[in-house]
Amino acid sequence: MAVGLFPGARRGRLLAVERGKRVLSGVVEPIAYIQRLTRMYEHLGYPAYQWVRNDDRPPFVPLSKPLAECRLGLIASGGIYAAGQVAFHFKDDTSIRAIPREAPIASLRTAHFAYDQADARADPNCVFPLGTLRGLVAEGVLGELASHAYTFMGGIYSARRVQEEVAPALVQRLIDERVDIALLVPV
Amino acid sequence: MPVLARVIEGLGIPTVTVTMMPDVAQKLRLSRVVGVEFPFGYSFGMPGDEAMQLTVARAAVQALAEAGAPGYRLDVALQWPVPTEVAYKEWQPTEPSPIVAMLLRARQPQPPPSS
């Protein structure tokens with residue numbers, strides 16, 4: 001299957017993707033995410049959402065060694081937890097869960113207030129690519145996964161609470177696990 | 001997630017964020033962004049489509065390896081195999097959570113106080 005990746009692709013450009021023997025092509029229409037999110041939060045009873053604004057240059061750290069020697073930390077906000085753990089609550093739950101890297105995919109669950117979880121429950125790799133990343137490790141593309149992946153339930157309305165409550169807890173785990181790289185997966 | 005990405009990268013750990021909203025992520029100024037044109041709830045692709053999920057994962061590690069400067073963006077050239085008008089339908093829980101129900105009640109006009 002030939003699948004192309006191209007940097008800097010823009011919306012509105014013609015895409016042609018070969019999936020098996022079927023070639024799909026068409027102009028990608030822009031999705032009005034901002035308006036959708038604003039409506040979702042309105043529906044949930046919140047005042048108008050204030051987007052975070054960052055005007056400074058993003059922090060940037062180049063990779064210090066080859067991927068094949070890197071330990072990757074996976075962080076996902078799809079409300080994933082393992083069977084036996086406490087599920088996430090309805091919203092603004094700033095707790096995190098640690099999912100062992102060898103957890104069977106069938107033992108994963110989701111609890112999230114803001115997306116339709118039917119497919120994520122059928123195949124958690126949709127939102128939490130633990131099995132997919134294990135494949136990259138087996139292939140030798142990645143060195144190894146951190147002993148745990150870390151999850152929380154996104155849609156936390158307050159960026160301040162993310163900064164003050166979620167970030168320190170996650171960062172401590174990543175440091176303790178001595179990860180070399182981190183993959184962040186929102187839903 | 002953008003807040004977290006900046007905090008983690010600021011501590012010296014290279015990060016990549018896979019997102020359905022690459023334009024928004026770019027505006028929020030992240031180090032590395034992988035864009036996918038998928039609906040919410042499908043950051044890594046269709047359920048059961050291992051090839052699609054693997055393509056996104058490969059793009060993520062490629063971004064980690066090859067980005068040379070902050071603001072790097074790599075878009076995955078996979079089209080969602082469901083028509084957008086079907087795939088992007090809006091979704092809300094059929095029953096609001098207790099907290100949300102309380103907030104919605106609070107937004108209703110209050111009856112005038114009885115004398």
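**Strand pairing and the interior**

Analyst: In this predicted model, R97(A) lies opposite T151(A) of strand β9(A). The strands concerned are β6 of chain A, residues 97-100, and β9 of chain A, residues 148-151, which pair in the antiparallel sense over four bridges. In a regular strand the side chains alternate between the two faces of the sheet.

In β3 of chain B, residues 72-76, five of the five residues are buried. Y72(B), L74(B) and V76(B) point one way from β3(B), while R73(B) and D75(B) point the other way, and all are buried. Strand β2 of chain B, residues 32-35, runs parallel to β3(B) and is joined to it by four bridges. Within this pair, V33(B) stands opposite R73(B). Between β2(B) and β3(B) the chain passes through helix α3 of chain B, residues 50-66, in a β-α-β crossover that is left-handed.

Nonpolar side chains in soluble globular proteins tend to be buried together. Here the largest nonpolar core has 48 residues, and L72(A), F128(A), L142(A), L183(A) and F38(B) touch the most other members. Both chains contribute elements with two or more residues in this core: β4, β5, α3 and β10 from chain A, and β1, α3 and β3 from chain B. The largest share, eight residues, comes from α3(B). A second, separate core of 39 residues includes V162(A), V3(B), I8(B) and A25(B).

A search of the whole structure finds three cavities of 30 Å³ or more. The largest cavity has a volume of about 720 Å³. Its lining consists of 30 residues, and G155(A), P186(A), M1(B), P2(B) and M21(B) lie nearest the centre of this cavity. By class, the lining comprises 24 nonpolar, six polar and no charged residues. At least two lining residues are supplied by each of α1 (33-43) and α4 (159-176) of chain A and α1 (2-10), β1 (15-19) and α2 (22-27) of chain B. The largest share of the lining, three residues, comes from α1(A).

Key:
Residues are numbered from 1 along each chain as its sequence is written. Chains are lettered from A and ligands numbered from 1 in the order in which they are written. This is a predicted model: local features need pLDDT of at least 70, side-chain atom pairs count only at pLDDT 80 or more; totals for chains, interfaces and linings use all residues. Side-chain values use heavy atoms; hydrogens and water are left out. On a 1 Å grid over the protein atoms alone, a cavity is a set of points where a 1.4 Å probe fits but cannot get out, and a pocket is an open set with protein on both sides within 12 Å along at least five of seven lines; lining residues have an atom within 4 Å of a point. Grid points are joined across faces, edges and corners, and a volume is the space filled by probe spheres set on the points. Ala, Val, Leu, Ile, Met, Phe, Trp, Tyr, Cys and Pro count as nonpolar, Asp, Glu, Lys and Arg as charged, and the others, Gly among them, as polar. Buried means under 20% relative accessible area, exposed over 50%, partly exposed in between (1.4 Å probe, protein chains only). Two strands pair if DSSP finds at least two bridges between them. A crossover is right-handed if, with the strands pointing away from the viewer, the path from the first strand over the helix to the second runs clockwise. A nonpolar core is a set of buried Ala, Val, Leu, Ile, Met, Phe, Trp, Tyr and Cys residues joined through side-chain atoms within 4.5 Å.
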